[in-house]
Amino acid sequence: MKLSGLLILTLLAAILAVPLRSETAAAEPLHGPWLINPAPDRITVCWETAEPSGAGVEFREAGRKTRHEAWETVGGQIRADRRLHRVELTGLKAGAVYEYRLLTAMPDSLDVAWEPTFRKLTAFDPEKIKTAALLTSDIHGQPKVLAALLRHGGVETADFVALLGDSSSALESAPRDIYGGYLDEYVRLTNGAKPLIMVRGNHEWRGRDAVRWFDFFAAPDGLAFQAFRHGPVLYVVLDSGEDKPDGSPRAAYTYLNRSPEWMARQRRWLQQLTQSPEFRDATFRVVLTHIPTHGQAEGHGPQTMRRYFGDLLNSDAPDQRIHLMIAGHEHRYMRVDAGSEEFKGNPLNLDGQKRRGLTGKNFHYTLISNDGPGFGGSEYSVIRLSASAERLFVSVMDEQGKCLDAFSITPNGRVRDDIKVAAFRH
C-alpha cells in the first residue's frame, strides 16, 4: 500500500509534535533529590540540574503499573527557566511505598529524559503504630560529622531526619554552604528516600544569601514553621529567630532583620493550630526548634521564645499538653524534665552564672538541648525519637556512638529514666 506525500507529511508532523522520551543520564540531578514537607497525601521533591530545564517526577505505587507525572508549572506551562526545582506529588495513599524518578524537559528541544532507575519514598501515616525519627543540630557545615551521627542513630530505619538549625555557620553562598556543608552528604546517605525536616537556626538568619534558605527548604506556603502528623505524634516546627535583637550594635548581621512581624505571624498560626482537631487528637505533641525556651543560657533567644509562644506551649490540659521540646543552640547536651529544678547532662552546662537559665519548675513539658562543638564534653550528639501509642522513647548518642541519655515519656507527660544520668542544680 502506497502513502501519498501529503499523508506522509501529516504523520511526520504528528510524530514531531510529541516530545521524544529517553532513558538517559541527562535526567540525573546535579544535587539531590531531597524530600521536604511530608504528609499522608503529598510530599515535595527538590533537586538541582546542571542547566535550566523543565522538571517533573514520574511516580507509581510500588508493585503497581499505573504511573503518574507531576511537573513544576506556572500559568499552565512547564517552567524551564530554573536549575533549582521543587515538584509536589499529590494524591498519595497514607503509609504507601512509592517509586519515583526525575524527568527533565530540555527547553531547546523536544526531548524529555528520565532517570534510568527509580528511587523510593514512603508517605507519612497518622495511623502508623510505631515510628522513628533522627534529630541533630549545630553541625555548622561538617558533612562528615553529620554522616557519623546519622549512622550511629540508625538512619536506615528512621522514617525521617530533622536538622534543628545551625546546619551552616552563615549563608554567604547558599549553594556552597548548603550543598557542601551537609545536603550532598545527606542525599548520599539516604538516596532521596527519607524526608528532611529543616529547622531554621539563628545562623540561617545570617549571611548575604540568608533568604535563599527558603528556596531549598521552605515549608508549605513559603514559611519556616509548620506542623505535621506521623503515627501518634504531632510535630510542631518553630522558627526561634536570631539570638540577638534586630539591629544589634554588637552584630551587624542583624541589620536586615524585621523579626517582630514574623514572630507575631508565627504566634497567630500557633494559636490556630493549638485549637485544631489535628493538635488536640494527637497522642503526643513534640516541638522542634533551635533556641529553647529555658534550661541553659538566659538571654534574648529564650526570652523571645517565651514572649511569643510561652503561654501557648505550657498548658497542662490533656488535649493541649506539649510532651517534649527538642532544641539545639547551646552546644551542650542537657535535659530539663517537666516540673523539675534539676538539670541532667554534662556538668559543664552550668559553668558560670551567665549560662544559668530557668529550671523546669514552671514548665509542663520536658526539654532537651542537643550538643554542639566547642564547650567540653561530647562535641556533637544525635537524638533518636521512637514513638508508640504508649510512650515516646528518646535515646541520645554522641559522635562516637556512646549513649549519653535515654528516657521515655507517657501520654500524661511523666518521664522515666532508662539509664542513670548525672543531675545538677543551680
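This is a predicted model: local features need pLDDT of at least 70, side-chain atom pairs count only at pLDDT 80 or more; totals for chains, interfaces and linings use all residues.

Colleague: What do the words pocket and cavity stand for?

Modeller: In general, rolling a probe the size of a water molecule over the atoms shows where empty space is left. On a 1 Å grid over the protein atoms alone, a cavity is a set of points where a 1.4 Å probe fits but cannot get out, whereas a pocket is an open set with protein on both sides within 12 Å along at least five of seven lines; lining residues have an atom within 4 Å of a point. Grid points are joined across faces, edges and corners, and a volume is the space filled by probe spheres set on the points.

Colleague: Which residues lie nearest the centre of the second largest pocket?

Modeller: They are Trp205, Ala210, Val211, Leu256 and Asn257, out of 15 residues that line this pocket. The lining divides into 9 nonpolar, 2 polar and 4 charged residues, where Ala, Val, Leu, Ile, Met, Phe, Trp, Tyr, Cys and Pro count as nonpolar, Asp, Glu, Lys and Arg as charged, and the others, Gly among them, as polar.

Colleague: How many cavities of 30 Å³ or more does the structure hold?

Modeller: There is 1 cavity of that kind, and the largest cavity has about 30 Å³ of space. Its lining is made by Ile36, Asn37, Leu196, Ile197, Met198, Phe217 and Gln226, and strand β14 (residues 196-198) gives the most to it, with 3 residues. Helices (H or I, at least four residues) and strands (E, at least two) are DSSP runs, numbered from the N terminus. By class, the cavity lining has 5 nonpolar, 2 polar and no charged residues.

Colleague: How should I read two helices that meet, and at what angle do α2 and α3 cross?

Modeller: Two packed helices are described by the angle between their axes and the distance between the axes. Here the axes of helix α2 (residues 143-153) and helix α3 (residues 174-190) come within 8 Å and cross at roughly 40 degrees; axes are lines fitted to C-alpha atoms, for helices over the stretch in contact, and angles run from 0 to 180 degrees between N-to-C directions. Where these helices meet, α2 brings Pro143, Leu146, Ala147, Leu150 and Arg151, while the residues from α3 include Gly180, Tyr182 and Leu189, with contact meaning heavy atoms within 4.5 Å. This contact has 7 nonpolar, 2 polar and 3 charged residues.

Colleague: Which backbone angles deserve a second look?

Modeller: Most residues other than glycine have a negative phi, and most peptide bonds are trans. In this model the peptide bond from Gly32 to Pro33 is cis, with omega near 5 degrees, and Pro33 lies in strand β2 (residues 31-36). His140 has a positive phi, near 50 degrees, and is found in the loop between β12 (131-136) and α2. Asp166 also has a positive phi, of about 55 degrees, although it is not a glycine, and its place is in the loop between β13 (160-163) and α3.

Colleague: Are His140 and Asp166 buried or exposed?

Modeller: Buried means under 20% relative accessible area, exposed over 50%, and partly exposed in between (1.4 Å probe, protein chains only). His140 has a relative accessible area of 16%, so it is buried, and Asp166, at 2% relative accessibility, counts as buried.

Colleague: Where is Pro302 placed, and which residues does Pro302 touch?

Modeller: Pro302 sits in helix α7 (residues 300-313) and counts as buried because its relative accessibility is 5%. Not counting residues up to four places away in sequence, Pro302 touches Ile291, Pro292, Thr293 and Ala297. Pro302 and Asp243 are 59 residues apart in sequence, and 8.2 Å apart in space, C-alpha to C-alpha. His300 is found in helix α7 as well, but at 26% relative accessibility His300 counts as partly exposed.

Terms used. Residues are numbered from 1 along each chain as its sequence is written. Side-chain values use heavy atoms; hydrogens and water are left out.
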